[in-house]
Amino acid sequence: MTELLKNLVHGEWVAGQGTGTPLFDPVTGQELVRVSSQGLDLPRAFAFARERGGAALRAMSYGQRAAMLGGLAKALQAHREAYYEIATANSGTTKADSGIDIDGGLYTLGQYARWGAALGDARALLDGASVPLAKDGVFQSQHLLVPTRGVALFINAFNFPAWGLWEKAAPALLSGVPVIVKPATATAWLTQRMVADAVATGLLPEGALSVVCGSSAGLLEQLQPFDVLSFTGSAQTAALIRSHPQVVANSVRVNIEADSLNAALLMPDATAGSEAMQLFVREVVREMSIKSGQKCTAIRRALVPAALYEAATQAIAAKLAGLTVGDPRNESVRMGALVSREQFEGVRAGIEELKAQTRVVFDGSTQPLVDADPAVAACIAPTLLACDDPDHADLVHRVEVFGPVATLMPYRDLAHALSLVARGEGSLVCSVYGDNAASLAQAATELAACHGRVHVVSPAVGATHTGHGNVMPHSLHGGPGRAGGGEELGGLRALAFYHRRAAVQAEAAVVQALGALPLSH
Ligand code: NAP
């Protein structure tokens, strides 16, 4: 039997009971390690984090906690090679795709260290300015933000075991709130290893960071009124979590990042072969292939003016034909595996479902896999679909296929395009491609109503934009409606989730003596 990874709870490394659940190499099918959370003393784990970890973190200033994050980012860099090895083995990702997760996570951690340093010695934050409540101006109201006195529980998705940990843990720890992370079982190894390395630095107070690998059974039952819960995963699980009796009874603050039918929109004034169209084509192909399309932000719907429907189909298909799929250990491979054979079956089923309302215009499965056995590997080739009548189709706006799959659709005019985009019922991101600043700004303003992020690509930023699906810590990550209604990142805005806001009503001298710093973003 392979090694059973330990959990870090109440400051101790504890093995779960039983033989555990195996984690696999999605290319070879080989078993790698096992995880189990059975039999853990969860009430003790939560109490230890809340009381010991929380008190120690709150005894530090924002500046001290920022320095701690900076130290962690530096120390974890030394283990990058081990992280890449785990990612290749357990996530089946190419080096570039592993980098998005690992280096993206470390970059985000470092970024919060830099932003947090600016908060210096403060131990609470001001939200806005004070306002007078009485005519003489002496009695005032000041909104104050203080770290919540609970635990931040993270239940994460399988696709970003490294970034998913740090993009949440960095703002939580900077806020002074201890973290318990439960990674998705399929890829828990990398999260567990990073937690182990972070704790081994000695920079974190005891109880500041814990990890539970395996089943989530019993975790939600531990939540108390001042705890917060951040979930990333499917809309189905999100619904269970939102309505969990403990969450409801204790009004536990919940952040949800869920499914999303993100769109890319080529503006109506684009012409065949224009730079805007080339940028659009390049981005659709990139988004389909990065992490084999297993990105919550990936482009699922690509909208083009009806006159360019055929040209866009051909241009995207031509680029997809150049993608090599297979074992990421072979350097010629551009796209590795899905995370598991289960996901592979899910993607195949999703394509079949979408086929009821679309045509297949590119099917990469006619090409052989590189160094991978199609009967074993979770490698799947890209599929481009075309939906000729997107007004009368519902599946393309509703079904998220979590793999290298996107659907092209034609539109008549901008109003039509915007109404089709909105059929996604709230997404994480929409990207827009054109070269007229005024019309791009107008479209961005319209799209802002149903997206957490609007990514505008014009020739001026063709070489420098950060990518449709790439989540930068500077910008908000989340989206309304189907996307879960959550908000993460966005610079220091992320700290608000881990703080309690109270209005302090007092004489001016008391307000001034609060000694807090304004939370500027
Ligand atoms: P999932 O099945 O919902 O699992 C997500 C997490 O929830 C895992 O850690 C899972 O643990 C846990 N879980 C499962 N059932 C649970 C329950 N009843 N109570 C508490 N926790 C439970 O989602 P997934 O299939 O791993 O992830 C893919 C989905 O995540 C995609 O739909 C994608 O769009 C979405 N996603 C969104 C974002 C975003 O930022 N918006 C980012 C990445 C992914 P186990 O692994 O142990 O089952």
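How far does a polar side-chain atom of threonine 237 lie from an oxygen atom of the ligand? Hold that thought for a second, everyone, and keep in mind that this is a predicted model. The answer is 2.6 Å.

With alanine 258 we turn to the backbone: one of its N or O atoms lies 3.4 Å from a nitrogen atom of the ligand. As for cover, the ligand on its own has 920 Å² of accessible area, and the protein covers 80% of that.

Now let's step back to the whole shell. It holds 26 residues, and the closest are Asn156, Thr185, Ser234, Thr237 and His477. By type, you'll find 12 nonpolar residues, 10 polar ones and 4 charged ones.

Where do they come from? Helix α7 gives the largest share, with 3 residues.

And finally, the domains. Domain 1 covers 4–258 plus 486–518, and domain 2 covers 263–481. Both give residues to the shell, so the ligand lies between them. The space that the ligand takes up is the largest pocket.

Technical notes: Residues numbered from 1 in each chain as written. Predicted model: local features only at pLDDT ≥ 70, side-chain atom pairs only at ≥ 80, totals over all residues. Heavy atoms only, no water. Near = heavy atom within 4 Å. Polar contact = N/O pair within 3.5 Å; in protein donor to acceptor, adjacent residues only side chain to side chain. Areas by Shrake-Rupley, 256 points an atom, 1.4 Å probe, with all protein chains shown as cover. 1 Å grid on protein atoms, 1.4 Å probe; cavity = no way out; pocket = protein on both sides within 12 Å on 5 of 7 lines; lining within 4 Å. Sits in = over half its atoms within 2 Å of the grid points. Helix = DSSP H or I, 4+ residues; strand = E, 2+ residues; numbered from the N terminus. Nonpolar A, V, L, I, M, F, W, Y, C, P; charged D, E, K, R; others polar. Domains from an automatic or database assignment.
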